Every structure is written in structure tokens, then in C-alpha cells.
Amino acid sequence: MPEPREDDLFRESTMTFGQHLEELRVCLFKSIFGLAIGFAIGLMVGGYVVDFIQQPLSKALTRYYQDESKNRVNAEMGKLGDASPWTPEQVTEFVETEGLLADEYRVDPVQILQALKTVYPKQFQNVELPQPAVAAESDAGDATVAPPPKLVRLFLWHSSGDDARLKTKGLAMSEPFSIYIKASLLVGVLLASPWIFYQIWHFVAAGLYPHERKYVHRYLPFSLGLFLAGAALAFFVVFEPVLNFLLSYNRSQGIIPEPRINEWLSFVLILPVGFGIGFQLPLVMLFLERIGVFSVRSYLKQWRIAVLVIFVTAAILTPPDPYSMLLMACPLTFLYFGGVLLCKLMPRHTSPFDGTREN
């Protein structure tokens, strides 16, 4: 007589709730230990990282004030007509090629000539000064105050590298130090991310059957690569249009932008992390298909709902502007269908244990 077969073929692979908690504790401890090592390395290069993460904001502010200088100077030169000393092409060359910004002043030309004759008497000895305005007499015979001098509009150019408006501001004495610590922590997270991802997937694998765990170790490098690709897309592609869009509202409402370094670093952290997490979509879809939660048919059947969820998630993970939301939602939509294609090209094999149970 044949021996009775076990109802649970995976009895030896199951874990109790307490064992799951212990596995979680171990994974968290290892992740924190790896993060601490990465943070220690980040302390050595934290200052360079602070300079690096300010570059997108500095470029956006430079472009903002360059456009402002060109518009202001060209508007004034247009009023002068043929008497204008600069053409729009020359103004553009000053601003974009030579990296100059214009400051606007109102000056009294008579006082300027007087000052020049005083400081440089030889060079301006032949220059005749105009006569000052004389006080007029009223009908009653009393002398009135002399009319105010006629001021002229003057533009002075300076290098954009010396403009304090292009630098981020810190309002608290401790803010530079806290930014240095946060930047070092950011480096630590990036350096430790492979190890942290491994621990996360290791904890997930602990709750899976043996034939399912191989997928975790197989897709871990791809998961890390997608995370870094999403973060790189946010930093090198998304920041520029988002900043230009936000600064355009400053220009339209006449508000002078003075970004704080602390707020900017928070922006730098949120956007790349959100993109990195979102780019895990194809692997998550493939993993769920592998363990039988979803199928290719269900992915294709519910694609409209999936796209809606993608756009809602993008709106949550990004700042409140349409550019960042679209720049995240559009790639994620392509990645969703890429995940469907991946599941189709790598179909789930039939489990070797299917059909082993007796009715």
C-alpha cells in the first residue's frame, strides 16, 4: 500500500510570523550597517556633492536673469530707435556669449561729468559742463525751488558669476552644516543602495517558495539598474524643464526668486527617489506574473486602469507641476507596456508541482 502523500509539499519552506519578524530585524540591521558605511564615505565628499546638486538650480537662475536682462535692455533700446547704442543681437551676445547681466540705474549726467572732471581733470579738461537749472520766480515775486535734475536711464553690465542672486540662500546659521550632513547621507544611500536593495529582496525571498526565490536573485541587478536610471533621468533631464516652468511663474507674477538651499535639497531628494521607485514597474509586473498573481492577459485587459493609476501615482511622487508629472507618467506608461512585453517574451513555466495533489 503506498504511503500517504503530504498535503503541503512546501511544509519545510514555510515560516512562522515570529520567524518573519526575526528575518525583518536582521535585514534592517544589515541595511542600516551598510548605510552607515556609505554615510562615512559620504562625509569625505559631502562638500563636493553640495556644489554638484546646486548646478541645475544655478543654471536655471542664470537663464532666468539672462532673459530678464535681455528683455529689459531690448525694451529700452527699442524706445531709442536709431539712437540705440546696442542692437538686439549685441545684447544677446553680451548676455549669452560673454555671460553678462545688466543692472539698471537712474543717474544725473551733469553730476557724472562733474565727478569725471574732478577725478580725471586732464582727460576731461575740454568738456564743458551744462549750466545748472536756475530757480524760477513765481507770480508773487518769490523764488521757488529749482526743478529737479533730469535723470537718464543707464545700464551697467557685470559678470553673472559675481551675481549674488544666482546663489542659493541659507537663513539659519546651522543650515550649511545640516546641508552638508544631508548631502553626505545622500551619498551614503547611493553607495549602499545595492546592499539595501539586496536586503529588501532577501526579506521578500524569505517569504517565498524555493522555486520562486530564484527570480529575486535573478532580477536584483535589473532592479538596481532601473532605480539608478530613474534617478539619473530626474536629475539630468527633468530638473531643467521643471525649474524653468516654476521660475516662469515668478516672472509672470513679478516675484524675485530666492531659493533656500535646504528646500532645494529636499526637492533634489524627493524627485530622483520618486523616479527610481517608479522605474521598478516592469520588474514588479514580471515578478507578479511569475508567482501567478497576474497574467499577461489581465495586464492587457486592465491597461486603461493601469495608466490612470500611473498618472495618479506620478502626481503624488512629483512636485505640484504638470511637467514633472508628465515626465514621470509618460516613461512609466511605456515601461508598463514594456513589462507586458517582457512577460510575454519570458512566459511563466508551469510549476513542476502542478498536478501532484490527489483529488
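This is a predicted model: local features need pLDDT of at least 70, side-chain atom pairs count only at pLDDT 80 or more; totals for chains, interfaces and linings use all residues.
Is isoleucine 41 buried, exposed or partly exposed? Its relative accessible area is 41%, and because buried means under 20% and exposed over 50%, isoleucine 41 counts as partly exposed.

Together with Phe33, Ile37 and Leu191, Ile41 makes a nonpolar surface patch of about 390 Å². Which element gives the most to that patch? That would be helix α1, residues 17–53, with three residues. A reminder about helices in general: an α-helix has 3.6 residues a turn, so residues three or four places apart point the same way.

Now let's step back to the whole chain. The protein chain has 359 residues, and 33% of them are buried. Its secondary structure comes to eleven helices and two strands. Reading along the sequence, you get α-α-α-β-α-β-α-α-α-α-α-α-α. The accessible surface is about 22900 Å², with 64% of that belonging to carbon and sulfur atoms. As for contacts with a separation of 6 or more, 80% of them are between residues 24 or more positions apart.

Moving inside, how many residues does the largest nonpolar core have? It has 44, and the ones with the most contacts inside it are Phe239, Trp264, Leu271, Phe275 and Tyr336. Helix α6, residues 210–252, gives the most to this core, with eight residues.

Setting aside neighbours within four places in sequence, tryptophan 264 touches Ile53, Gln54, Pro56, Leu57, Phe239 and Leu243.

Next, helix α2, which runs over residues 55–80. Its 26 residues reach 38 Å from the first C-alpha to the last, close to the 38 Å expected at 1.5 Å a residue.

My last stop is lysine 167. Where is it placed? Look in the loop between β2 (152–159) and α5 (175–206). Lysine 167 is partly exposed, with a relative accessible area of 48%. Lysine 167 and serine 58 are 109 residues apart in sequence, yet their C-alpha atoms are 6.6 Å apart in space.

Methods. Residues are numbered from 1 along each chain as its sequence is written. Side-chain values use heavy atoms; hydrogens and water are left out. Patches are made of residues with over 30% relative accessible area and no salt bridge: like charges are joined within 9 Å, nonpolar side chains (Val, Leu, Ile, Met, Phe, Trp, Tyr) within 5 Å. Accessible areas come from the Shrake-Rupley method with a 1.4 Å probe; for residues, only the protein chains shown count as cover. A salt bridge is a side-chain nitrogen of Lys or Arg within 4 Å of a carboxyl oxygen of Asp or Glu. Helices (H or I, at least four residues) and strands (E, at least two) are DSSP runs, numbered from the N terminus. Buried means under 20% relative accessible area, exposed over 50%, partly exposed in between (1.4 Å probe, protein chains only). Contact means heavy atoms within 4.5 Å. The expected span of a helix is 1.5 Å times one less than its number of residues. A nonpolar core is a set of buried Ala, Val, Leu, Ile, Met, Phe, Trp, Tyr and Cys residues joined through side-chain atoms within 4.5 Å.
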